[in-house]
Amino acid sequence: MIGYLNLILRLVIWFLLTANLSVANIIIGVSVALLLPGSPKSLGRLKDWLRALFEVIVAIPQAYIEAIEIILRPHTQEDVTLERVKPGRTPGLIFLDIFLITFTPKTIVLKYHEDGWYEVHRVRRRKNKA
């Protein structure tokens with residue numbers, strides 16, 4: 001089951017990069033997805049994949065809400081923080097985590113550290129001084 005999820009993830013990335021759903025591009029995309037080497041020693045659990053897919057679904061309305069907030073109320077403060085990678089993440093799940101962080105308008109991953117950290121840039125509203 002996890003192999004199918006990796007294949008689907010590769011195909012989705014291919015179609016997002018090419019923005020072409022012609023028959024020839026679909027054949028090329030399937031070929032590339034099947035020919036890319038896998039990593040048999042790092043099998044993700046189905047539960048982690050389902051949680052990540054749920055987070056993608058939740059991130060879509062969150063992105064719209066954050067975009068409207070930025071338009072209506074300026075965000076002038078910015079921070080760069082380190083966030084810990086969840087333990088036992090496969091490369092596909094790490095990619096999805098980075099995608100989710102970057103998908104929302106207020107955050108972007110600047111760098112992934114191999115020792116298990118994401119460097120995240122955030123914008124936020126300035127706190128009013130009373």
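## Accessibility of an aromatic residue

Is Tyr112 buried, partly exposed or exposed? In this predicted model, Tyr112 has a relative accessible area of 26% and is therefore partly exposed. Tyr118, by contrast, is buried, with a relative accessible area of 3%.

## Aromatic pairs

The count of aromatic pairs comes to two. One of them joins Phe99 and Phe103 in a tilted arrangement, with 5.5 Å from centre to centre and 35 degrees between the planes. Both residues belong to helix H4; because they are four residues apart there, about one helical turn separates them. Phe99 is partly exposed at 33% relative accessibility, and Phe103 is likewise partly exposed at 35%.

Tyr112 and Tyr118 also form an aromatic pair, with ring centres 5.8 Å apart. An angle of 45 degrees lies between the planes, and this pair is tilted. The pair thus brings together a partly exposed ring residue, Tyr112, and a buried one, Tyr118.

## The sheet

Three strands form an open sheet in the order S1-S3-S2, and their pairing is antiparallel. Strands S1 and S2 stand at the edges with a single partner strand each, so one side of each has no neighbour in the sheet. From one strand to the next, the twist averages 20 degrees.

The antiparallel pairing of S2 with strand S3 (residues 117-124) runs over six bridges. Within S3, Arg122 is the bridge partner of Thr107. The loop between S2 and S3 contains Glu114, which counts as exposed at 71% relative accessibility. The C-alpha atom of Glu114 is separated by 21 Å from that of Trp49, a residue 65 places away along the chain.

## Helix H4

Helix H4 has 13 residues. From its first C-alpha to its last it reaches 18 Å, close to the 18 Å expected at 1.5 Å a residue. The helix lies across S1, S2 and S3, and runs at about 150 degrees to S2.

Several residues of H4 are buried: Gly92, Leu93, Ile94, Leu96, Asp97, Leu100 and Ile101. Among them, Asp97 has a relative accessible area of 7%.

## Salt bridges

Side chains of opposite charge can pair when their charged atoms come close. The structure holds five salt bridges, and three of these are described here. In one, the side chains of Lys86 and Glu55 meet at 3.3 Å, N to O. Lys86 is placed in the loop between strand S1 (77-84) and helix H4 (91-103), while Glu55 is in helix H3 (residues 46-72), so this pair ties together parts that are 31 residues apart in sequence.

Glu69 counts as partly exposed at 25% relative accessibility, whereas Lys106 is buried, with a relative accessible area of 17%. Asp97 forms a salt bridge with Arg89, and their closest N and O atoms are 2.8 Å apart. Here Asp97 is buried at 7%, and Arg89 is buried at 14% relative accessibility.

Asn25 lies in helix H2 (residues 23-35). Its relative accessibility is 8%; because buried means under 20% relative accessible area, Asn25 counts as buried. When neighbours within four places in sequence are left aside, the contacts of Asn25 are Trp14, Phe15, Thr18 and Asn20.

Note on methods: Residues are numbered from 1 along each chain as its sequence is written. This is a predicted model: local features need pLDDT of at least 70, side-chain atom pairs count only at pLDDT 80 or more; totals for chains, interfaces and linings use all residues. Side-chain values use heavy atoms; hydrogens and water are left out. A salt bridge is a side-chain nitrogen of Lys or Arg within 4 Å of a carboxyl oxygen of Asp or Glu. Helices (H or I, at least four residues) and strands (E, at least two) are DSSP runs, numbered from the N terminus. Buried means under 20% relative accessible area, exposed over 50%, partly exposed in between (1.4 Å probe, protein chains only). Rings of Phe, Tyr and Trp (its six-membered ring) pair if their centres lie within 6.5 Å; planes under 30 degrees apart count as stacked, over 60 as edge-to-face and the rest as tilted. The expected span of a helix is 1.5 Å times one less than its number of residues. Two strands pair if DSSP finds at least two bridges between them. Axes are lines fitted to C-alpha atoms, for helices over the stretch in contact, and angles run from 0 to 180 degrees between N-to-C directions. Contact means heavy atoms within 4.5 Å.
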